[in-house]
Amino acid sequence: MPCPVYAVMKWVNLSQDTEMAMYRDFLWRVCTSGYESHILDVCQTNPSQQFLITACRILKTYVSNQDGTNQIHKVATYHLKTICFHCITLLTIPKDHNSLSGVKEALGYFLSFLNLCINSATLPHFFHGNPCLVLMFPECSFGEEHIKNVYGSMSSETFHQAKISYNKMLRDLLGLYTDNALLDDNRLDRFPKLLDLQHTVRKPKDAYKL
């Protein structure tokens, strides 16, 4: 389904240089809000995707209630939606062959992916350079762009502290998520493949429905 694509003026952050060199000379950036809204709208009809959205809300609530010095804020607060969208793509599409049993299982996969992102200091942008995006939007051109790591500007110390905070979070949320040992190995393997970008997704003849 085609969605509107908007261009908006870029916000210049003088305190840090976070943008890829190839985009620095542009005054505008592509706004993906139309696609994001469409994904969230379609998820309303899919129980498994709703489980993942609820898991995202649980983590967002947890993170927002932590002390400001907790480094989980930097790696999670503004990036949980990105992780959620990746989980939706990797775990529930095509929907006829992929389902989750509930929020507890969804939160287990969500935490597993977040852990890999923290340990590898890598979180691929969901739209820019995402080879899996064609599963949702076969006609979009986002997946053909250069890969963008949204964690790219963070320091190694941030991730060191985030690992400590992540382990504390696991203890605090114990009982709310399915342990890694009880999750499907085949599904778990999809996360490192995305982070390493060692796979190729060809454009399907027909779009999968979310």
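This is a predicted model: local features need pLDDT of at least 70, side-chain atom pairs count only at pLDDT 80 or more; totals for chains, interfaces and linings use all residues.
Residues are numbered from 1 along each chain as its sequence is written, and side-chain values use heavy atoms, with hydrogens and water left out. Helices are DSSP runs of H or I with at least four residues, numbered from the N terminus.

**Helix 2 itself**

- Helix 2 spans residues 47–64, and its 18 residues reach 26 Å from the first C-alpha to the last, close to the 26 Å expected at 1.5 Å a residue, where the expected span is 1.5 Å times one less than the number of residues.
- Its buried residues are Ser48, Gln49, Leu52, Ile53, Ala55, Cys56, Leu59, Tyr62 and Val63.

**Packing of helix 2 on helix 5**

- Helix 2 and helix 5 pack at an angle of about 65° with their axes 8 Å apart, the axes being lines fitted to C-alpha atoms over the stretch in contact and the angles running from 0 to 180 degrees between N-to-C directions.
- On the helix 2 side, the contact (heavy atoms within 4.5 Å) is made by Phe51, Leu52, Thr54, Ala55, Cys56, Ile58 and Leu59, and on the helix 5 side by Val103, Ala106, Leu107, Phe110 and Leu111.
- The residues of this contact divide into 11 nonpolar, one polar and no charged, where Ala, Val, Leu, Ile, Met, Phe, Trp, Tyr, Cys and Pro count as nonpolar, Asp, Glu, Lys and Arg as charged, and the others, Gly among them, as polar.

**Thr89 in helix 4**

- Thr89 lies in helix 4 and counts as buried because its relative accessibility is 3%.
- A polar atom of the Thr89 side chain lies 3.0 Å from the backbone oxygen of Phe85.
- Leaving aside neighbours within four places in sequence, Thr89 is in contact with Phe126, Cys132, Leu135 and Met136.

**Asp172 and Tyr62**

- Asp172 is found in helix 6 and, at 41% relative accessibility, counts as partly exposed.
- Asp172 and Tyr62 are 110 residues apart in sequence and 9.2 Å apart in space, C-alpha to C-alpha.
- Their side chains are joined by a polar contact of 2.6 Å, a term for a pair of N or O atoms within 3.5 Å of which, within protein, one must be able to donate a hydrogen and the other to accept it, residues adjacent in sequence counting only if both atoms are side-chain atoms.

Methods
Helices (H or I, at least four residues) and strands (E, at least two) are DSSP runs, numbered from the N terminus. Buried means under 20% relative accessible area, exposed over 50%, partly exposed in between (1.4 Å probe, protein chains only).
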